[in-house]
Amino acid sequence: MLALFATALALPGPVALPDYAPGDAFVFSDGRVERVVAADDSNVTWAGLSGPSYRRSRNFIVPVLQWRTGRATGSREVRGNPDALWPLGRPKSGRFRVITQIKAKPQSTPRRSVSLWVCKTSKARNFTVEAGTFSAIPVMCDRYSPTTMRLIERREWDYAPELGHYVRRVSLNYLRGTTRSVELVAALSGPAATKARLTALSKKARADRLARRMP
Amino acid sequence: MRITTSMAWLLAATLVLVPVPHLLHGPLAAQDSGVDDDDDDRDDDDGDDDGDFDDPDDQDPGDDPDGDDDIGGDDPDGDDDIGGDDPDGDDDIGGDDPGGDDDIGGDDPGGDDDIGGDDPGGDDDADGDDDADGDDDAEGDDDAEGDDDAEGDDDAEGDDDAEGDDDAEGDDDAEGDDDAEGDDDADDNDDDDNFSEDEANDDFDDDLGQWQAIGGESEATRAELDARDLIDTDRDGFRYRRGEFVALDLMPEDLAQLEGRGFEVLARERLAAVDGTLLLLRGPPQLTSDGSFDALDAIADPDSFGYNHLFDSSSVQTKRKRGSTVPERQACGCAIGLIDTGVTTGLNYFKHVTLVQRAFNAKDPQARLHGTAVAHLMAGTKRNPARATKIFVADIFGGPRENSGSSFALIKALDWLAAQGVPVINISLSGPRNPAVASAIARITRKGHTIVAAAGNDGPAAPPVFPGAYDGVIGVTAVDGANRVYRYANRGAYVDFSARGVAVTAIDAKGGVRDATGTSFAAPVIAARLAAQVRSPDSAAAQKAIRALEGEARDLGPPGRDPIYGIGLIGEGN
């Protein structure tokens, strides 16, 4: 779609955690838009084009740390050091646990659960997505049941250091038996990342996806 | 409890000693024993750890092609039954854990990992955070473009402080400094305030200063003002004046047909250099803009018209550079044109060059930072002994907001500059593809004029922006002092050259010294280099000068031409 043909670059060296700035926005092939509305040294507040914002670590392998869905709220606490994977470069692995707490409504008793995540990185390779071709580092995390150690879920990201974000994200849910994969369609930054332009890109991404599904 | 804790220790020890894959027996779907391993909710077999209340990672927004409000995955589960939709009516937390103990690792004997045990429920604040809505700052913030400084703008409100500084106080002191102390604020945190530790220009990518969006408007303010000024966005999200179209050389019979259908000619300009007639049309009141566009499309040549788009001067980042001076540099020794904001012609910095300005959206040019900085990069600080420097400035932004940066003004500006005989025109603007603008550019390039444009600052995976991406236009990207590409620079096959455009020492409309960042400030380097070699519009001479630059370019990035750096880096030359 886009006349962008970014040529892969050899990675210059160890790749630090992503450094997002307010205004950075990413449009994915399913039409999803993710915009940075605030960022500090550790965490980034994201939002779509409307609706509530949510907070997550700069380290995208860490599940969303704080979110709201209607009256429900959720938060997560991380035990371990997921940042040990960084800087990316040589393949390595790490693990961490996440304690999730959900409240159906403000007065509800919280519901808690624990997940164990085991992650690893691989060597960089070229990924061609709609937004261009990028040298990207595959990062893969598996989530296990903390009680039976069965594999429940796998998430994959292909992180493009030159872009400062991942260009592909895959989620395999072994309980549901589903795989969901989205690719980066476009990224806008600064004043260019207006809602109007992001909405247009989102709609186009959806239309393109529908067109691809048509027989 | 003791037993389960021991089991947890055993499990943890196993985890350490045995590679995890060896513990696995393949995907659960193939061997589901009926126990929900996702131990937050036994009735919810969706494999999440967030039960019925999906977190944003679980969103599946793509199935909503009807363009309703939940695009972008903003309605995480697509229903409104959240909150009370816990099917079993309980919020049980303990029962889902068959082990009765969530302390899986057991690796924290102090007990603080044992959320099931040490925090039996009397304290909801297991993570020390009961503030589930601690992110309230985000939804109240429409300022997504990274410019929180709506008041620290270039003063689009039309008051007297139009000089393009950040002086909200309206201080007009001539020193280019906004207060007596030589500092424009009281705190040390103002991005706009450059302190001495930064004088070595060593902060190429850590703090490039504030965005200078056109008019300094936040997105929310812009939306409000756009509604007032009848400005809409097209299908790609670019702004245009509602119901207005620009057309170049419409066939008389097409125009007659359009007028018969209710189109109105708002303005007509005979363009000598472009060699054509430019029309500003308004669609029939009974039609929407899209309807009018479709009507035009059915009658006229689609390459001859477009919306009356409103271009932005490529948004840039600037940072005051207090106490610094502008490095000495010769003027380009050329005749050159620029389409931009107005320039402060009275500054000492321009005494050694001739500046000619004309406004295309107002009676008089209005000086602002962007145009002044770009003109200064061409003018340098001292006379070029080889040849006089003459800079023609076409201001398309000054004047009524509703037409600021319009395609109509841009085409007229192109024509005027071509009529002045400038061989090279710098356009540090970016916006949508517009057939009428493209046609005007193609016409003057065929006459030997060279157009140099900023590649854009929309981001490395952003769609192409124009005029930089038009065929025949030289697109320029920006690199920093270490020859790394500017983080927000557009990339694409249309990037021809790289030049320094990060933390460039520039001057603002008051003569204050700033670090300026953006492809806007790289383009003038290439434009000036070409203009120094070509004395008049001449295709052959321009091609020769371009080939010379190609030969001089320092290849950056992957070998050969690439979409990030183009052919390579060009220096200032003198």
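Predicted model: local features only at pLDDT ≥ 70, side-chain atom pairs only at ≥ 80, totals over all residues.
**Entry 1**

I started with B:Ile336 and looked up its bridge partner in E12(B), which turns out to be B:Val424.

Next I checked how the two strands run. E9 (residues 335-340) and E12 (residues 424-427) of chain B pair in the parallel sense, over 4 bridges. Further along I found B:Ile339 bridged to B:Ile427 in E12(B).

Then I turned to the pairing with E11(B). E9(B) and E11(B) are also joined in the parallel sense, here over 6 bridges. I picked out B:Gly337 and found B:Phe392 of E11(B) opposite.

**Entry 1: is E9 buried or exposed?**

I went through E9(B) residue by residue, and 6 of its 6 residues are buried, so I jotted the strand down as mostly covered. B:Ala335, B:Gly337 and B:Ile339 point one way, while B:Ile336, B:Leu338 and B:Asp340 point the other way. I made a separate note of B:Asp340, which is buried along with the rest of the strand.

I zoomed out to see where E9(B) sits. The sheet is open and has 7 strands, in the order E10-E11-E9-E12-E14-E15-E16 of chain B, with parallel pairing. Which strands stand at the edges? I noted E10 (354-359) and E16 (495-500) of chain B; each has a single partner strand, so one side of each is left without a neighbour in the sheet. For the twist I wrote down an average of 25° from one strand to the next.

I also looked for what lies on the sheet. Helix H7 (residues 369-379) of chain B packs there, touching E9, E11 (390-395) and E12 of chain B. Its direction makes about 165° with that of E9(B).

**Entry 2: helix H5**

I moved on to H5 (residues 252-260) of chain B and found B:Asp254, B:Leu255 and B:Leu258 buried. Looking down the axis of H5(B), I see its buried residues fall within an arc of 100°, so they line one face of the helix. On the face turned away from that buried side I found B:Pro252 and B:Gly260, both exposed.

What do the buried residues of H5(B) pack against? I listed strand E4 (264-271), strand E5 (276-282) and helix H6 (289-299), again of chain B.

Definitions and conventions: Residues numbered from 1 in each chain as written. Chains lettered and ligands numbered in written order. Heavy atoms only, no water. Buried < 20%, exposed > 50% of the residue type's maximum accessible area, 1.4 Å probe, protein only. Arc of directions from axis to C-beta. Contact = heavy atoms within 4.5 Å. Pairing = 2+ DSSP bridges. Axes fitted to C-alpha atoms, helices over the stretch in contact; angles between N-to-C directions.
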